[in-house]
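Dear colleague,

I am passing on the structure we spoke about, with notes on what turned up in it. Please read the notes with the structure open.

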Amino acid sequence: MLVNFRAGQYPFSFADGSNDNIKACPYFIEIDDVQNDVNFNVTGIYDAYGNTAPASSSSILVADAVIPCSFDSFVHQAEQSKGHADAQTLDLKNGDGWSRRIYLTFPIDEIPADAERIGIRLHYESVVPGKLNAENRPHNGLEELRLEGNTSTYTANLTWDNHHNHIFEPVCSTPLTQEMLNSYVGWDVTDFVKAKAAEGATRGSFRISTPYKWRGLSRFTASESTNVPEHAPLMLIANKRNTPTSVSSLDAESGISLKGNILYNPSGKKVDIYNACGTLIKTSVQQSIDISAYVPGVYVALSESKTIKIAVH
């Protein structure tokens, strides 16, 4: 089973309460032999220094299906007329006349209209030092990877000379750090893909670039890789759940827990519930709090400075 793990700082470790050794950088990790109907109770999300992740910036999502890319390549400023659709890696860089940009295409015509979330992922394989002071990408520990999209068709003839022929629209950005080497980088493309599919598009194409210049060369695993083909680019689909509520607990000792539509508070101490905007919507000392009437969305419950995150669907 694939798990989409997003957090506000990088890298983070993930523990599911039964196996404290499950650790990976975001966005995606894989857990073997787990079925889709298994409930996750996350007992800790921490950064590399042991700091707890902010409750409002973390989420977990199970992917029900994966879609391989139908095309992947990159264009190279110093090799303007050469295509790279058969390359083993997808190369990314900006500046000094050696810029490179990544292109991906996925079929989107069979994605369920009610899919809860759609993401794409790349495996961050290696980094080659830059020219200035031999620094590595990303500079100062953080890089921005910009994702743009359209519905155009690309072939092995894609080169630097012709890659400006199609217009892209911004989709989203995601951070990249050196600590994320040998792990996955991901983007949430739900709104873009759904909008294009509703217009009748059968494919979604994406371009990845970075605004920073004079950096090292970042390489991501291509679908043509013979060394690690399992790390090829993927689109992940999470279907809408039939269960009305799910929860990610950010602290196992919080004393509060969710079961179905009931938030349990066995200590009877004060619990504050906030919506995703940070607005306090309820304070209670009841031992059971019914949340079935809550508007669908993300909420955070706090008890004695401990938190759990609640996603109401």
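Which residue in β15 is the bridge partner of Ser126? The partner is Arg219. Before the rest, please keep in mind that this is a predicted model.

**Strand β10**

The pair above belongs to an antiparallel pairing of β10 with strand β15 (residues 217-221), made over four bridges. β10 itself covers residues 117-128, and nine of its twelve residues are buried, so the rest of the structure largely encloses this strand.

β10 also pairs with strand β13 (residues 183-188), again in the antiparallel sense, over six bridges.

**The five-stranded sheet**

Five strands make up an open sheet, in the order β7-β9-β14-β11-β12, with antiparallel pairing. At the edges are β7 (71-76) and β12 (169-176), each of which pairs on one side only. From one strand to the next the twist averages 20°.

Within this sheet, β11 (residues 143-150) and β12 run antiparallel and are joined by seven bridges. One of the bridge pairs is Gly149 with Glu169 in β12. Helix α1 (residues 190-198) packs on the sheet and touches β11, β12 and β14 (203-209). The direction of helix α1 makes about 155° with that of β12.

**His76**

His76 is found in the edge strand β7. Is His76 buried or exposed? Its relative accessibility is 4%, so His76 counts as buried. A polar atom of the His76 side chain lies 3.1 Å from the backbone nitrogen of Ala78. If neighbours within four places in sequence are left aside, the residues in contact with His76 are His84, Trp98, Ser99, Arg100 and Trp160.

**Aromatic pairs**

A search of the whole structure gives eight aromatic pairs. In one of them, Phe71 and Tyr154 have ring centres 6.5 Å apart and ring planes at 25°, so this pair is stacked; the cut-off for stacking is planes under 30 degrees apart. The two residues come from distant parts of the chain, 83 residues apart: Phe71 is in strand β7, while Tyr154 is in the loop between β11 and β12. Phe71 and Tyr154 are both buried. Ring pairs also join these two with Tyr103 and Phe168, giving a cluster of Phe71, Tyr103, Tyr154 and Phe168.

**The three-stranded sheet**

There is also an open sheet of three strands, in the order β18-β19-β22, with antiparallel pairing.

β18 and strand β19 (residues 262-264) run antiparallel and are joined by three bridges. Among the residues involved, Ser257 has Tyr264 in β19 as its bridge partner.

Regards

Technical notes
Residues numbered from 1 in each chain as written. Predicted model: local features only at pLDDT ≥ 70, side-chain atom pairs only at ≥ 80, totals over all residues. Heavy atoms only, no water. Pairing = 2+ DSSP bridges. Axes fitted to C-alpha atoms, helices over the stretch in contact; angles between N-to-C directions. Contact = heavy atoms within 4.5 Å. Buried < 20%, exposed > 50% of the residue type's maximum accessible area, 1.4 Å probe, protein only. Polar contact = N/O pair within 3.5 Å; in protein donor to acceptor, adjacent residues only side chain to side chain. Phe/Tyr/Trp six-rings, centres within 6.5 Å; stacked < 30°, edge-to-face > 60°.
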